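Open the structure in your viewer and keep the selection panel at hand.

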Amino acid sequence: CVINNIPRGSRVLFLFGEIDCREGIIMAVEKGRYKDVDEGISTTIEYYLNVLDSLTRSQEFVIYVQPVAPVLNETRDVVKVFNKQLKEKVNKMPSLTFLDIMDQL
């Protein structure tokens, strides 16, 4: 596992959610796993943040979370909602830092 090769207490940048926004969440909604895209986004983010919170405790990482870049026209709306929820949830977690760079993209 890559995590085991990162020294304890390191500063680590995480970027996740691009493939979820591009296909995973939408496909899961179509298959009935979530009632709508908002629920899919919320559930996905909660999963990732639980893992990151665990890493801050177990590995003493200083974790930075980067938003998903809205590069594809087809997924831009989903990415915007994802990033908005991601920012709100990360900002409620003192162990994580959200890199608020969307205005610069």
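The model is predicted: local features need pLDDT of at least 70, side-chain atom pairs count only at pLDDT 80 or more, and totals for chains, interfaces and linings use all residues. Numbering starts from 1 along each chain as its sequence is written, and side-chain values use heavy atoms, with hydrogens and water left out.

**Core.** Select Phe14, Phe16, Leu49, Leu52, Ile63, Phe82 and Leu86. Of the 23 residues in the largest nonpolar core, these touch the most other members. Such a core is a set of buried Ala, Val, Leu, Ile, Met, Phe, Trp, Tyr and Cys residues joined through side-chain atoms within 4.5 Å. Buried means under 20% relative accessible area, exposed over 50%, partly exposed in between (1.4 Å probe, protein chains only). Elements giving two or more residues include β1 (11–15), α2 (37–59) and β3 (96–98). Helices (H or I, at least four residues) and strands (E, at least two) are DSSP runs, numbered from the N terminus.

Now centre on Phe82. Its contacts (heavy atoms within 4.5 Å) include Phe16, Cys21, Ile41 and Val68, leaving aside residues up to four places away in sequence.

**Cavity.** Show Glu18, Cys21, Arg22, Val68, Ala69, Pro70, Val71, Leu72, Thr75 and Val79. They line the largest cavity, which holds about 40 Å³ of space. A cavity is a set of points on a 1 Å grid over the protein atoms alone where a 1.4 Å probe fits but cannot get out; lining residues have an atom within 4 Å of a point. Volume is the space filled by probe spheres set on the points, which are joined across faces, edges and corners. Helix α1 contributes most to the lining, with three residues.

**Salt bridges.** Stay on Arg22 and Glu18. Their side chains form a salt bridge at 2.8 Å, N to O. The criterion is a side-chain nitrogen of Lys or Arg within 4 Å of a carboxyl oxygen of Asp or Glu.

Next, pick Asp100 and Lys87, paired at 2.7 Å, N to O. Asp100 sits in the segment after β3 and Lys87 in helix α3, so the pair ties together parts 13 residues apart in sequence.

**Single residues.** Select Lys89 in helix α3 (residues 76–91). Lys89 is buried, at 18% relative accessible area. It touches Ser42, Ile45, Glu46 and Leu49, not counting residues up to four places away in sequence.

Finish on Ile26 in helix α1 (residues 18–30). Ile26 is partly exposed, at 27%.

Methods:
On a 1 Å grid over the protein atoms alone, a cavity is a set of points where a 1.4 Å probe fits but cannot get out, and a pocket is an open set with protein on both sides within 12 Å along at least five of seven lines; lining residues have an atom within 4 Å of a point.
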